[in-house]
Amino acid sequence: MHEQLDILVKVAYAALLGGIIGFEREVAHKPAGMRTHMLVASLSAMIVLVGEYFIAHISADMVRPTGADPTRIIHAVITGISILGAGTIIRGLQSDKVEGLTTAASILYSGSVGIAVALKLYYIAGGATILALIILVFFRMIERFIGRKPANIRQEFK
């Protein structure tokens, strides 16, 4: 349990750091803001940390004489979910408004929570879920408070 709580603290720290970067993006009125950056940073940390845990504690029991690599399953899940998340990103033809970035990040994040559950990392999965809800709900209120406006893609590339 102590190892899992340690991982969860690291995931939260990654979310905090991602939020700092995302806050700057919010102030600059860019399409990928604070919540998106927090989700991406924390899910990346969780995937790597869960992978390390997997290698240290579980994979030795799963190695087969055939040389099969059980981590390929995780790679396939992440790739598939990333494609699904990419499908939620929409660019309007009339307004050049980009939507769905946070949804795409939250889909990938949910996938990493599922991976943690599959590896029996229940505290990490539960804590990370609470963290995602805090990011998505609480920080949406902050975005509204600072008056975030959608970015115009054409202005970004001028």
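1. A helix here is a DSSP run of H or I that is at least four residues long, and helices are numbered from the N terminus. The model discussed in this note is a predicted one. With that numbering, Lys120 is found in the loop that lies between helix 4 and helix 5. The phi angle of Lys120 is near 65 degrees, which is a positive value in a residue other than glycine. Lys120 counts as exposed, because its relative accessibility is 57% and the exposed class begins over 50%.

2. The crossing in which helix 3 passes helix 4 is right-handed.

3. Which residues make the contact between helix 3 and helix 4? From helix 3 they are Ile74, Val77, Ile78, Ile81, Ser82, Leu84 and Gly85, while helix 4 contributes Ala104, Ile107, Leu108, Gly111 and Ile115. Sorted by class, this contact of helix 3 with helix 4 has 9 nonpolar residues, 3 polar residues and no charged ones.

4. A second pair of helices to examine is helix 1 (residues 2–27) and helix 5 (residues 122–146), whose axes come within 10 Å and cross at roughly 20 degrees. Because angles under 35 degrees count as roughly parallel, helix 1 is described as roughly parallel to helix 5. The crossing of helix 1 and helix 5 is right-handed.

5. In the contact between these helices, Gln4, Ile7, Leu8, Val11, Ala12, Ala15, Phe23 and Glu26 of helix 1 meet Tyr122, Tyr123, Ile124, Gly127, Ala128, Leu131, Ile135, Glu143 and Ile146 of helix 5. By class, the contact of helix 1 with helix 5 has 13 nonpolar, 2 polar and 2 charged residues.

6. How many aromatic pairs does the model have by the rule used here? The count comes to 1 aromatic pair, and this pair is formed by Phe138 and Phe139. Their arrangement is edge-to-face, with 5.1 Å from centre to centre and 85 degrees between the planes. Phe138 counts as partly exposed because its relative accessibility is 42%, whereas Phe139 is buried, with a relative accessible area of 16%, which falls in the buried class because that class covers values under 20%.

Terms used:
Residues are numbered from 1 along each chain as its sequence is written. This is a predicted model: local features need pLDDT of at least 70, side-chain atom pairs count only at pLDDT 80 or more; totals for chains, interfaces and linings use all residues. Side-chain values use heavy atoms; hydrogens and water are left out. A crossing is left-handed if the near helix is turned anticlockwise from the far one by less than a right angle, and right-handed if clockwise. Helices (H or I, at least four residues) and strands (E, at least two) are DSSP runs, numbered from the N terminus. Contact means heavy atoms within 4.5 Å. Ala, Val, Leu, Ile, Met, Phe, Trp, Tyr, Cys and Pro count as nonpolar, Asp, Glu, Lys and Arg as charged, and the others, Gly among them, as polar. Rings of Phe, Tyr and Trp (its six-membered ring) pair if their centres lie within 6.5 Å; planes under 30 degrees apart count as stacked, over 60 as edge-to-face and the rest as tilted. Buried means under 20% relative accessible area, exposed over 50%, partly exposed in between (1.4 Å probe, protein chains only). Axes are lines fitted to C-alpha atoms, for helices over the stretch in contact, and angles run from 0 to 180 degrees between N-to-C directions. Angles under 35 degrees count as roughly parallel, over 145 as roughly antiparallel, 65 to 115 as roughly perpendicular and the rest as oblique.
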